[in-house]
Amino acid sequence: MTAQAGTGRTNQKQRTRTAIVAAARGLMDTGAEVTMPAIARAALVSEATAYRYFPDLPSLISEALAGVWPPPAEALAPVADSADPVERVAFACEFLLRGVLARQGSVRAMIAATITRPETVTTRPGVRFGLIDHALLPLEDTLGARDPDGFTQLKRDLAVVVSAEALFTLTDLCGLDPDAAISSAVRTAATLTEAAVRAIA
């Protein structure tokens, strides 16, 4: 194989990979169910080809989501000047859940895939953890210094609430509409944070 032919083949592979990722992003933007067959059809490749580039759906979704979520500091910019952890956590919770709603097809697909194949859980973006950590920065020198274990527990408690799983529980199982579900989760996250703040007052 000549160097030119090798380069051409490499370029073609890159174009195919790019097309698959772009198709995944396009499908995610519609809010529709995200599956490997649907992505392959949108990318104009066979399902087998899609699997040659990505071993499973979570790895493809993870790459497609890369760069879609802003970094925590950028996401929480509207409350950057606030030293109130309750306000910051409430904002972070709503920000995450609104984003989940906008991308719920891919988020549901990712959750489903990692439940059936726990070994793929590391491909999940984990956006909530960065948001929670950044939202709680005002507590680092108070609760974090006085009660590190309590600070860690607060973060764990919030991870249960500031999550796609909580949102889908409220919409799918509790029958709330999306806005009511988000309000419920935000209220719970704020209550947990407020209790922690009171404990150090």
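The tour below goes through a predicted model, stop by stop.

**Stop one: helix α12.** Select residues 178-199, the 22 residues of α12, which reach 32 Å from the first C-alpha to the last. Next, colour its buried residues, among them A181, I182, A185 and A189. To see what covers them, show α6 (85-102), α9 (143-146), α10 (148-161) and α11 (164-173), which are included in that cover.

**Stop two: the cysteines.** The disulfide count is zero. Select C93, and you will find that the nearest cysteine sulfur, in C174, is 15 Å away. That is too far for a bond. C93 is also buried, at a relative accessible area of 0%.

**Stop three: salt bridges.** The whole structure holds six of them. Start with R17 and E63, whose side chains meet at 2.9 Å, N to O. R17 sits in helix α1 (residues 3-30) and E63 in helix α4 (residues 57-65), so this pair ties together parts 46 residues apart in sequence.

Now move to D133 and K155, paired at 3.1 Å, N to O. Here D133 belongs to helix α8 (residues 127-135) and K155 to helix α10, so the bridge ties together parts 22 residues apart in sequence.

**Last stop: a network.** Which residues do salt bridges with shared partners join into one network? Select E94, R98 and D179 to see it. Within it, R98 and E94 meet at 3.2 Å, N to O, and both lie in helix α6, four residues apart, about one turn of the helix.

Definitions and conventions: Residues numbered from 1 in each chain as written. Predicted model: local features only at pLDDT ≥ 70, side-chain atom pairs only at ≥ 80, totals over all residues. Heavy atoms only, no water. Helix = DSSP H or I, 4+ residues; strand = E, 2+ residues; numbered from the N terminus. Expected span 1.5 Å × (residues − 1). Buried < 20%, exposed > 50% of the residue type's maximum accessible area, 1.4 Å probe, protein only. Contact = heavy atoms within 4.5 Å. Disulfide = S-S within 2.5 Å. Salt bridge = Lys/Arg side-chain N within 4 Å of Asp/Glu carboxyl O.
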